[in-house]
Amino acid sequence: MSNRTKLKKKLWKLISLYVRTKDADSNGYVSCVTCGITKHYKEFHAGHFIPQAQGDAVRYDIRNIHVQCYRCNINLGGNGPEYYPFMLKTYGEATINELRRLSNETVKYTESDLEDMIESMTNMLEEL
């Protein structure tokens, strides 16, 4: 496994933890943004509004990643019909359009980029 691949995995672990814990209550409980079910953050996923398969441009964008249960994220493929209203209410149409535009761009993060993002995400986690 290349160093770049290792850095991407490390970054994703940090982002996933951040997304799942930032809105959790003092006991670690949080709700799925698409169906509303509430469970402990360890039982949830960090799900993408615009699928990560569309490339790296929005894969690590926090605005594109939110708490989802397994059913919504995996079984329902992200549950887009319910994700969209959440995104609209939370960010508005302009941000949705920006994320969609970005998802069409080709981005290849360097090791240095990934290290910077890891440092930033580590700091964000420490501030929670």
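**Helix packing and selected residues in a predicted model**

The model is predicted. The points below cover the contact of H3 with H4, the buried residues of H4 and of H5, and two partly exposed residues, Lys10 and Glu43.

**Contact of H3 with H4**

- On the H3 side, the residues in the contact are Tyr84, Met87 and Leu88.
- H4 contributes Glu93, Ile96, Leu99 and Arg100 to the contact.
- By class, five residues of this contact are nonpolar, two are charged and none is polar.

**Buried side of H4**

- The buried residues in H4 are Thr95, Ile96, Leu99, Leu102 and Ser103.
- These residues lie on the same side of H4, because the arc they cover around the axis is only 125°.
- H3 is included in what covers the buried residues of H4.
- Ile96 and Leu99 are buried, and both also meet H3.

**Helix H5**

- H5 runs over residues 111-126, which is 16 residues.
- From its first C-alpha to its last, H5 reaches 22 Å, close to the 22 Å expected at 1.5 Å a residue.
- Leu114, Ile118, Met121 and Leu125 are buried in H5.
- Their arc around the axis is only 70°, so they sit on the same side of H5.
- Glu119 and Glu126 are exposed and are carried on the face of H5 turned away from its buried side.
- H1 is included in what covers the buried residues of H5.

**Lys10 in H1**

- Lys10 belongs to helix H1, residues 3-21.
- Its relative accessibility is 47%, so Lys10 counts as partly exposed, the class between under 20% for buried and over 50% for exposed.
- Lys10 and Ser26 are 16 residues apart along the chain, and their C-alpha atoms are separated by 26 Å.

**Glu43 in the S2 to S3 loop**

- Glu43 is located in the loop between strand S2 (38-40) and strand S3 (45-48).
- With a relative accessible area of 49%, Glu43 is partly exposed.
- Glu43 and Gln68 are 25 residues apart in sequence, and the distance between them in space is 9.4 Å, C-alpha to C-alpha.

Key:
Residues are numbered from 1 along each chain as its sequence is written. This is a predicted model: local features need pLDDT of at least 70, side-chain atom pairs count only at pLDDT 80 or more; totals for chains, interfaces and linings use all residues. Side-chain values use heavy atoms; hydrogens and water are left out. Contact means heavy atoms within 4.5 Å. Helices (H or I, at least four residues) and strands (E, at least two) are DSSP runs, numbered from the N terminus. Ala, Val, Leu, Ile, Met, Phe, Trp, Tyr, Cys and Pro count as nonpolar, Asp, Glu, Lys and Arg as charged, and the others, Gly among them, as polar. Buried means under 20% relative accessible area, exposed over 50%, partly exposed in between (1.4 Å probe, protein chains only). The arc is that of the directions from the helix axis to the C-beta atoms. The expected span of a helix is 1.5 Å times one less than its number of residues.
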